[in-house]
Amino acid sequence: MSLNRQLSRGRDFARTAGDHAADMFAPLTMIGRGLRSHADWAKGRWAATPKERRGPTLFLTAAALLGVALLPHGPLFALIALMGSAAWAGRRPKAVPPPAPDLAGAKLAALYAALTPYLGGFDDAAPLYHAEGDHKDAFDSWTFDEEGRLTALELRYPLYFTDTEPGARARIEQVLQGKAGRSREYRFDWDEEQNKLRVTALTPLATDIPAQVFVTTPGEIVLGFTDAQGSSRTIPVTQAGVTVQQPPVVWRTGSRAAEPHLLALGATGYGTSSLIRSIALQALPHGDLVVIDGAGTGEHACLVNRPGVHTVETSLHGAVAALEWAAKETERRLSALNASRQYGVPAPPDVTRPLWLLLDHPTELSELAQAEGRPDPQDLLEVPLRHGRAARVTVVIADGLDARDRISPSVRATTRARVVLGPVHPELAAEALGVPLDICPASHTPPGRGYARLGTAAPVRLQVPVTADPLDDEAPAADRDAVIALLPHRDTREEAPAPTTAVLLDKAVLLDKTATRPNPAHDYDVRR
């Protein structure tokens with residue numbers, strides 16, 4: 001065995017023996033420490049006793065000791081009492097834990113320091129924000145949750161701060177969100193009269209509400225769900241297998257609607273097509289649909305040959321033909337409604353039944369039409385957009401945020417119901433919604449998450465219901481089954497029986513004879 005190993009084993013043995021010895025003699029050490037404490041106390045009392053009182057004190061002490069010695073078992077009891085008091089006095093006091101760091105104060109101080117370059121006035125004699133200031137001078141109230149995150153803050157800012165400029169506000173909101181945490185959304189309430197800013201952390205919206213039959217009246221469309229501040233009503237919905245009350249974002253359509261048409265913009269993969277499917281499922285029980293898929297991705301193939309769905313077009317030729325028919329249908333409805341009012345008779349049912357034009361990414365068809373020298377499909381929307389409210393025709397357009405500049409001015413002017421989905425910059429949100437957004441988006445945005453503005457109302461948060469494509473194998477089976485359950489199915493009992501072989505052969509011969517004859521434009525039937 002080497003010398004180093006012997007020395008190592010010797011050190012381990014000595015350390016172990018020392019630990020055992022310390023454990024064995026711990027009571028004696030504690031009693032000895034207590035006796036030393038008693039001796040120090042007695043010495044201190046003797047030094048503090050005046051000289052003229054030391055003699056009587058010695059006499060009384062000796063008498064007490066003699067009395068104890070004369071008692072039966074007196075010395076034993078005295079020794080036990082002395083050892084017990086020495087053990088009590090010699091115990092080690094528990095170490096006082098250090099005070100917990102003031103995380104709230106540190107966060108508020110960091111927030112105050114971050115706001116100082118933007119709100120501090122160098123020419124101000126008594127600045128509210130300065131390098132050596134305290135956050136309590138500018139912050140009136142604050143609230144933290146159990147995890148130590150800031151949930152509410154009210155602060156004051158100087159009178160000379162330009163709180164009416166969107167750029168100045170955006171800088172302050174960006175600083176506050178960066179210091180308070182970018183994982184949540186914050187609402188900023190600027191009180192320009194009192195120069196105060198109230199910051200509130202918003203709770204996340206539910207992202208697991210599937211497509212279902214919502215409790216609404218005909219003409220009401222649930223775009224999604226928001227928080228309690230964004231809606232004045234709640235509806236029962238099925239969420240995670242139970243029925244709960246959720247505040248919806250309801251868009252009212254029809255002849256008396258203030259916002260008869262909708263424009264939805266969103267980032268790729270954040271639910272604009274899901275919003276179109278959700279609106280289609282809610283509109284089908286009470287109206288007819290014309291669906292145009294400009295992207296051609298087959299997101300709306302589940303609506304093909306469904307009752308109430310006139311057509312689902314993905315090509316430029318089919319989209320133009322369908323929109324031309326929609327424009328003529330709008331004019332026909334207007335004429336029929338005017339005639340019924342003039343003669344005082346009820347309008348025909350085919351005129352009063354709502355007609356929905358659902359366009360998904362129409363700007364891609366516009367680019368294709370421009371390349372081929374054909375009419376822009378967006379120009380054909382002018383008649384339905386202008387007279388749609390009176391003719392019971394509703395237009396819903398969904399497109400990407402990057403295509404907002406390619407949307408025609410007439411579409412932007414007549415679609416007063418707006419939806420923005422996905423992560424969006426405050427400037428883009430203000431351009432899409434028409435007003436500055438008083439909510440800072442979170443750093444992580446789930447699909448279907450965004451904001452909605454109906455008419456002149458303030459923007460509200462929005463979470464679109466989970467409306468998956470039932471033909472998408474990658475979507476969860478439960479979400480696909482929920483959409484399939486809402487799709488209308490044809491009644492096979494009313495459909496014609498399958499043609500026989502002879503009929504099929506006759507039709508094949510007829511088609512072969514007429515194959516070279518061009519199909520006139522007026523033979524297009526949108527209900528095929």
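Good morning. The largest pocket in this structure has a volume of about 730 Å³. The structure is a predicted model, in which local features need pLDDT of at least 70 and side-chain atom pairs count only at pLDDT 80 or more, while totals for chains, interfaces and linings use all residues. Residues are numbered from 1 along each chain as its sequence is written, and side-chain values use heavy atoms, with hydrogens and water left out.

On a 1 Å grid over the protein atoms alone, a pocket is an open set of points with protein on both sides within 12 Å along at least five of seven lines, whereas a cavity is a set of points where a 1.4 Å probe fits but cannot get out; lining residues have an atom within 4 Å of a point. Grid points are joined across faces, edges and corners, and a volume is the space filled by probe spheres set on the points.

I return to the largest pocket. Its lining comprises 38 residues, and Gly 269, Tyr 270, Gly 271, Thr 272 and Ser 274 lie nearest the centre. Helices (H or I, at least four residues) and strands (E, at least two) are DSSP runs, numbered from the N terminus. Helix H7, helix H10 (362-372) and strand E13 (393-400) each supply at least two residues of this lining, and H7 gives the most, with four residues. By class, the lining of the largest pocket divides into 12 nonpolar, 15 polar and 11 charged residues. Here Ala, Val, Leu, Ile, Met, Phe, Trp, Tyr, Cys and Pro count as nonpolar, Asp, Glu, Lys and Arg as charged, and the others, Gly among them, as polar.

The second largest pocket has a volume of about 590 Å³. It is lined by 24 residues, of which Ala 170, Glu 173, Pro 426, Glu 427 and Cys 440 lie nearest its centre. Which helix provides the largest share of the lining of the second largest pocket? That share comes from H6, with seven residues. Helix H6 (166-180), strand E3 (185-191) and helix H13 (426-433) each supply at least two residues. The lining of the second largest pocket has 13 nonpolar, six polar and five charged residues.

Cys 440 is buried, with a relative accessible area of 6%; buried means under 20% relative accessible area, exposed over 50%, and partly exposed in between, with a 1.4 Å probe and protein chains only. Cys 302 also counts as buried, at 5% relative accessibility. The structure holds zero disulfides, a disulfide being a pair of cysteine sulfur atoms within 2.5 Å.

A search of the whole structure finds one cavity of 30 Å³ or more, and the largest cavity has a volume of about 40 Å³. Among the residues that line the largest cavity are Ala 211, Phe 214, Ser 278, Leu 281 and Gln 282. Helix H7 (residues 272-283) gives the most to this lining, with three residues. The lining of the largest cavity has five nonpolar, four polar and no charged residues.

I turn to the aromatic rings. Rings of Phe, Tyr and Trp (its six-membered ring) pair if their centres lie within 6.5 Å; planes under 30 degrees apart count as stacked, over 60 as edge-to-face and the rest as tilted. By this rule the count comes to seven aromatic pairs. The rings of Tyr 112 and Tyr 129 have their centres 5.1 Å apart and their planes at 20 degrees, so this pair is stacked. The pair links distant parts of the chain, with Tyr 112 in helix H5 (residues 103-119) and Tyr 129, 17 residues apart from it, in the loop between H5 and strand E1 (139-144). Both Tyr 112 and Tyr 129 are buried. Trp 251 and Trp 356 form an edge-to-face pair, 6.0 Å centre to centre and with 85 degrees between the planes. Here Trp 251 lies in strand E8 (residues 248-252) and Trp 356 in strand E12 (residues 355-360), 105 residues apart. Trp 251 counts as buried at 0% relative accessibility, and Trp 356 at 4%.

Finally, the backbone. Most residues other than glycine have a negative phi. Asn 195 has a positive phi, near 55 degrees, and is found in the loop between E3 and strand E4 (196-202). Arg 392 has a positive phi as well, near 60 degrees, in the loop between helix H11 (382-391) and E13. Is each residue buried or partly exposed? Asn 195 counts as buried at 11% relative accessibility, whereas Arg 392 is partly exposed, with a relative accessible area of 24%. Thank you.
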